[in-house]
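Colleague: Thanks for making time for this one. Could you walk me through the model, taking the side-chain pairs and the helix packing in turn?

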Amino acid sequence: MSLYDFRKHMAEILSLTEHDVARLIVRAPYAYKRYLIPKKSGGTRPIAQPAKETKVIQGLLIDDWFTQLPIHECAAAYRQGSSIKANAERHKQNSYIAKFDFSNFFGSITESDLVSHFSYVLCGKLSEQSIKDIARMSCVRDKVTARLVLSIGAPSSPILSNSIMYYFDLAMDAWCQERGIIYSRYADDLTFSTNDKGVTSVVEKVIVDTLESIPYPKLRINSEKTVYVSKKRQRRITGLIISNDNNVSLGRDKKRLISAMIHRYAHHELDEKSVLHLQGLIGFAQDVEPLFVAKMRGKYTGKLISELLRQRGAKHK
């Protein structure tokens, strides 16, 4: 059986010459639209979205190849049925929680990491040149380091980041299972929970040792975001609160914000952008804590909430 030839296949699919496909591959990491969005914690997050033709090819690659890549069950983001609520619920029965975060997660996953990963897990299916081409098509050129890396904003980055972490997740989960620890990873957020006091204190060293032992990717912990909590303090996981009765909740601050915004909406005080934001918050609340949304319908009337959720683009009058 002949190995898959990416350039030849793309030429047939897109009705291009192989020379044109080769030019697309060369240009792909440079043809990104870049902009910044504000982060909740302050500062900005760089977003880079690929050009239309690159986005189309990445979509084809997701369907044809990237869905074949291994993803560990501890990966709690970017998967069918995954949500931050489902991630938090994995840990809700445990009293002690340790949380860690990677520095520059997507920007640390390089073209050479992808080549190594594809070569290993898709061995015997893709030609060597196709592996290099597909890795390049999946990356943006980092303006600071000039390396080719995954970007926040490319459709293929989520699934690739999940799979590139497969062997890390495998090793961490095996270590945790031996010690009765629950482990999950939501993109670059790592959560460990247990009912055994003191066990989580050794987790950071194990993470560092595991990162050093795997051939790719080369990641570092952002120590500023490392958190250890117990029932004595608020247990927060990916933005949600685990209450002392072990239920996943929006938390009081988020509920107050939503209620205040609904009040302002009822008094015609929200602009179009704020209305869209409130719609998103209510949709999120409906998934996480539907009883709270029911209470809002009781407080502000079901008619008002339904009108708010139906509104698309037009300013409330």
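Colleague: Let me begin with Arg256 and Asp253 in helix H10: about how much of the helix separates them?

Modeller: Happy to start there, and do keep in mind that this is a predicted model. The side chains of Arg256 and Asp253 meet in a salt bridge, 3.6 Å from N to O. Both residues belong to helix H10 (residues 252-266) and are 3 residues apart, so what separates them is about one helical turn.

Colleague: Are Arg256 and Asp253 buried or exposed?

Modeller: A residue counts as exposed when its relative accessible area is over 50%. Arg256 has 53%, and Asp253 has 57%. By that cut-off, Arg256 is exposed and Asp253 is likewise exposed.

Colleague: Lys255 is in H10 too, so which elements does its pairing with Glu289 tie together, and how far apart in sequence are they?

Modeller: Glu289 forms a salt bridge with Lys255, with the closest N and O atoms 2.8 Å apart. Lys255 is in helix H10, while Glu289 lies in the loop between helix H11 (272-288) and helix H12 (290-300), so the pair ties together parts whose separation in sequence is 34 residues.

Colleague: How does accessibility class Glu289 and Lys255?

Modeller: The cut-off for buried is under 20% relative accessible area, with partly exposed running from there up to the exposed class. Glu289, at 16%, counts as buried. Lys255 has a relative accessible area of 22%, which makes it partly exposed.

Colleague: Turning to Glu53 and Arg27, which helices hold them, and how many residues apart are the parts they tie together?

Modeller: The side chains of Glu53 and Arg27 meet in a salt bridge with an N to O distance of 2.2 Å. Glu53 lies in helix H3 (residues 52-64) and Arg27 in helix H2 (residues 18-27), so the parts tied together are 26 residues apart in sequence.

Colleague: And which accessibility class do Glu53 and Arg27 fall into?

Modeller: Glu53 has 28% relative accessibility, and Arg27 has a relative accessible area of 44%. Buried needs under 20% and exposed needs over 50%. Glu53 therefore counts as partly exposed, and Arg27 is also partly exposed.

Colleague: How many salt bridges does a search of the whole structure find?

Modeller: The pairs we have discussed include Arg256 with Asp253 and Glu53 with Arg27. Searching the whole structure gives a total of 9 salt bridges.

Colleague: Staying with H2, how wide is the arc that holds its buried residues?

Modeller: The buried residues of H2 are Val21, Ala22, Leu24 and Ile25. Viewed down the axis of H2, they line one face of the helix, because they fall within an arc of 160°.

Colleague: What covers that buried side of H2, and which exposed residues are on the face turned away from it?

Modeller: The cover over the buried residues of H2 includes helix H1 (6-14), H3 and helix H6 (128-137). The face turned away from the buried side carries the exposed residues His19, Arg23 and Val26.

Colleague: How wide is the corresponding arc in helix H13?

Modeller: In H13 (residues 302-310), Leu304, Ile305 and Leu308 are buried. Seen down the axis of H13, these buried residues line one face of the helix, since they fall within an arc of 95°.

Colleague: Which helices are included in what covers the buried residues of H13?

Modeller: The exposed residues Lys303 and Arg310 are on the face of H13 turned away from its buried side. What covers the buried residues includes H10, H11 and H12.

Colleague: How are H10 and H11 arranged: parallel, antiparallel, perpendicular or oblique?

Modeller: The axes of H10 and H11 come within 10 Å and cross at roughly 135°. Angles over 145 degrees would count as roughly antiparallel and 65 to 115 as roughly perpendicular, so H10 is oblique to H11.

Colleague: What is the handedness of that crossing, and which residues of H10 make the contact?

Modeller: H10 passes H11 in a left-handed crossing. H11 contributes residues including Val275, Leu278 and Leu281 to the contact. On the H10 side, the contact is made by Lys254, Leu257, Ile258, Met261, Ile262 and Tyr265.

Colleague: Finally, what percentage of the residues in the chain is buried?

Modeller: The chain has 13 helices and 11 strands. Of its 317 residues, the buried ones make up 46%.

How values were computed: Residues numbered from 1 in each chain as written. Predicted model: local features only at pLDDT ≥ 70, side-chain atom pairs only at ≥ 80, totals over all residues. Heavy atoms only, no water. Salt bridge = Lys/Arg side-chain N within 4 Å of Asp/Glu carboxyl O. Helix = DSSP H or I, 4+ residues; strand = E, 2+ residues; numbered from the N terminus. Buried < 20%, exposed > 50% of the residue type's maximum accessible area, 1.4 Å probe, protein only. Arc of directions from axis to C-beta. Contact = heavy atoms within 4.5 Å. Axes fitted to C-alpha atoms, helices over the stretch in contact; angles between N-to-C directions. Parallel < 35°, antiparallel > 145°, perpendicular 65-115°, else oblique. Left-handed = near helix turned anticlockwise from the far one by under 90°.
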